[in-house]
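Subject: The structure we talked about

Hi,

Here is the structure for you to open alongside this message. Have a look at it first, and then read on.

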Amino acid sequence: VRDVATGWSDGSRGDSTSHRRWKEKILEILAEIQAPLSLLMLRLCNWALLKLLNRLFLGVQLHRGQLEMVLRAARMPNVPLVFLSTHKSQLDGLLLTFLLFSQGLGVPRMTVGSQACSPRLRALLARLGAIFLPSRMEQAPSDQEEGLLGAVLATYVEEVLRSRQPLLIFLEEPPVALRLSAPAQQWLAMVYRAVRDGAVPDVLLVPVGIAYDVIP
């Protein structure tokens, strides 16, 4: 990140004004990517989601065989988990977070791509563990800006994996299309890069999914 930032202008490595400027930009990018987790918000949403599920669905079934596979993967030492899921409904992220959290697997860092959401929903999802692609990445930024955005985001993903926080990547955006979405390609590329560059020795890709009788 430092190499990219100080490469903006020749001879800026010892310039305190330049350092302060790119540090402010980096903090601005990080604020777009994530927010601190709120345990209180997690507990409130856990309670509220139980109420919501009882009203929306006649029943929710958890596949025992798949759960055992996920728990077995979580017990592997020093290997970060990357959950890969299809995306059929806007409820998928909340449901998967709720189910994984309720099984003692921690709060997955749920990746969010380009789907539009209100500022309030974005703030709520960020407090529940969501991480966002910076909006400027989807708006054809300049080469300099794209270089800094990419470096900060790649470093962030490396730190998430290195700290063994589960990462949840949706492969499409609803409505379901039979192809990998552009945000999914970006997130997967960063996971691949983290392994390729030796930031983590390996990752464990775990397929998970939700099926609905009727998609809400």
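Below are my notes on a pocket, a helix pair and a few loop residues.

Please keep in mind that this is a predicted model, so every value here is computed from predicted coordinates.

**The largest pocket**

The largest pocket has a volume of about 700 Å³. It is lined by 23 residues, and the closest to its centre are Val-60, Gln-61, Leu-62, Ile-210 and Ala-211. Two elements, α4 and α5 (92-102), each give two or more residues to the lining. The largest share, 4 residues, comes from α5.

**Where α5 meets α3**

Helix α5 also turns up in a helix pair. Two packed helices are described by the angle between their axes and the distance between the axes. Here the axes of α3 (residues 39-56) and α5 come within 11 Å and cross at roughly 115°, and the crossing is left-handed. Which residues meet in this pair? From α3 they are Asn-46, Leu-49, Leu-50 and Leu-53, and from α5 they are Leu-94, Leu-95, Phe-98 and Phe-101. The contact divides into 7 nonpolar residues, 1 polar and no charged.

**Two loop residues with positive phi**

Most residues other than glycine have a negative phi. With that in mind, take a look at Asn-78, whose phi is near 60°. Asn-78 sits in the loop that runs between α4 (64-74) and β1 (81-85). It counts as exposed because its relative accessibility is 59%, and the cut-off for exposed is over 50%.

Arg-164 also has a positive phi, near 60°. You will find Arg-164 in the loop between α7 (143-162) and β4 (167-170). At 36% relative accessibility, Arg-164 counts as partly exposed.

**A serine in a loop**

Finally, Ser-181 lies in the loop between β4 and α8 (182-196). Is Ser-181 buried or exposed? Its relative accessibility is 8%, so Ser-181 counts as buried, the cut-off being under 20%. Leaving aside neighbours within four places in sequence, Ser-181 is in contact with Phe-170, Leu-171, Glu-172 and Glu-173.

Best wishes

Methods
Residues are numbered from 1 along each chain as its sequence is written. This is a predicted model: local features need pLDDT of at least 70, side-chain atom pairs count only at pLDDT 80 or more; totals for chains, interfaces and linings use all residues. Side-chain values use heavy atoms; hydrogens and water are left out. Buried means under 20% relative accessible area, exposed over 50%, partly exposed in between (1.4 Å probe, protein chains only). On a 1 Å grid over the protein atoms alone, a cavity is a set of points where a 1.4 Å probe fits but cannot get out, and a pocket is an open set with protein on both sides within 12 Å along at least five of seven lines; lining residues have an atom within 4 Å of a point. Grid points are joined across faces, edges and corners, and a volume is the space filled by probe spheres set on the points. Axes are lines fitted to C-alpha atoms, for helices over the stretch in contact, and angles run from 0 to 180 degrees between N-to-C directions. A crossing is left-handed if the near helix is turned anticlockwise from the far one by less than a right angle, and right-handed if clockwise. Contact means heavy atoms within 4.5 Å. Ala, Val, Leu, Ile, Met, Phe, Trp, Tyr, Cys and Pro count as nonpolar, Asp, Glu, Lys and Arg as charged, and the others, Gly among them, as polar.
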